[in-house]
Amino acid sequence: MQLRELRVLLLWISTSSLSLGLSFALAGWLEGAYYPPPRDFDLASPSLLGSLFAGFVLGVVQWLQLKDQGMRIPIRWILGTTLGIYLIATIGLINNNLSVWGSFNQPDTFRGSIQSTVKSNAVSGLLGGAILGGIQGWTLRTRVVWCLTNAYAWSMGWGAGRGGAYFIDSWGYWRLKNLSTPMQLAIHLGIVGIISGLISSFVTGIILLRLIRYSRVG
């Protein structure tokens with residue numbers, strides 16, 4: 001890997017993870033301010049508007065970076081990212097609720113809760129990531145590869161993001177409980193965005209370098 005490609009990869013990872021983390025954090029803070037009653041932060045998930053907002057921000061940031069690399073990327077890329085992040089968050093919340101109801105009469109352990117959270121959200125990342133990659137990659141030469149890459153990347157990323165947020169919230173519970181509801185939600189969802197963004201963008205970034213090479217050759 002050349003130095004220039006390494007810079008592109010690091011920029012892709014940093015901008016993707018920061019934009020997703022900060023937009024989720026902002027959406028969480030606004031949601032907490034609008035709905036002040038306490039809620040279950042272990043299962044806290046981005047709202048409809050929050051996930052759409054975060055997906056849109058991520059899509060715009062990635063689209064601008066790809067344009068800067070000389071790739072001809074249509075606006076459809078932003079639409080795919082927006083819809084994909086929304087589906088990942090929505091399906092993840094549904095799977096979380098189903099797993100909770102399914103284990104209602106079973107002993108609740110910290111390790112078991114984390115495993116359940118990671119598994120259920122990995123499935124949502126797989127489904128939503130495939131749709132995200134399918135729409136993004138519609139105009140790419142390797143559209144199937146990009147679809148499969150995003151399915152794998154977001155399955156790992158979203159599962160780890162939700163599981164990591166659960167672990168950090170539980171570890172720092174006594175510190176977080178003294179904060180306001182908006183701040184708690186901002187921290188929780190910001191962690192989800194940062195972790196999932198780091199992992200997913202690292203995986204997709206490796207394939208992205210190959211796409212940039214092809215676009216320059218073509």
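Author: Helices here are DSSP runs of H or I with at least four residues, and strands are runs of E with at least two, numbered from the N terminus. Residues are numbered from 1 along each chain as its sequence is written, and side-chain values use heavy atoms, with hydrogens and water left out. This is a predicted model, in which local features need pLDDT of at least 70 and side-chain atom pairs count only at pLDDT 80 or more, while totals for chains, interfaces and linings use all residues.

Reader: What follows H2?

Author: H2 is followed by glycine 70, whose phi is positive, near 90°.

Reader: How do you know what span to expect for H2, and what does H2 reach?

Author: The expected span of a helix is 1.5 Å times one less than its number of residues. H2 has 21 residues, for which 30 Å is expected, and from its first C-alpha to its last H2 reaches 30 Å, close to that value.

Reader: Why is serine 155 called buried, and why is leucine 126 called partly exposed?

Author: Buried means under 20% relative accessible area, exposed means over 50%, and partly exposed lies in between (1.4 Å probe, protein chains only). Serine 155 has a relative accessible area of 17%, and therefore counts as buried, whereas leucine 126 stands at 41% and so counts as partly exposed. Serine 155 belongs to helix H5 (residues 143–171), and leucine 126 to helix H4 (residues 110–136).

Reader: What does leucine 126 contact, leaving aside its neighbours within four places in sequence?

Author: With contact defined as heavy atoms within 4.5 Å, leucine 126 is in contact with Ala151 and Ser155. Serine 155, not counting residues up to four places away in sequence, touches Ala122, Gly125, Leu126 and Asn150.

Reader: What makes a set of residues a nonpolar core, and which residues have the most contacts inside the largest one?

Author: A nonpolar core is a set of buried Ala, Val, Leu, Ile, Met, Phe, Trp, Tyr and Cys residues joined through side-chain atoms within 4.5 Å. The largest such core has 16 residues, and those with the most contacts inside it are Leu66, Met71, Ile73, Trp77, Leu140, Trp146 and Leu208. H1, helix H2 (48–68), helix H3 (76–102) and H7 each supply at least two residues of this core. Leucine 66, not counting residues up to four places away in sequence, touches Trp12, Met71, Ile73, Trp77 and Leu208.
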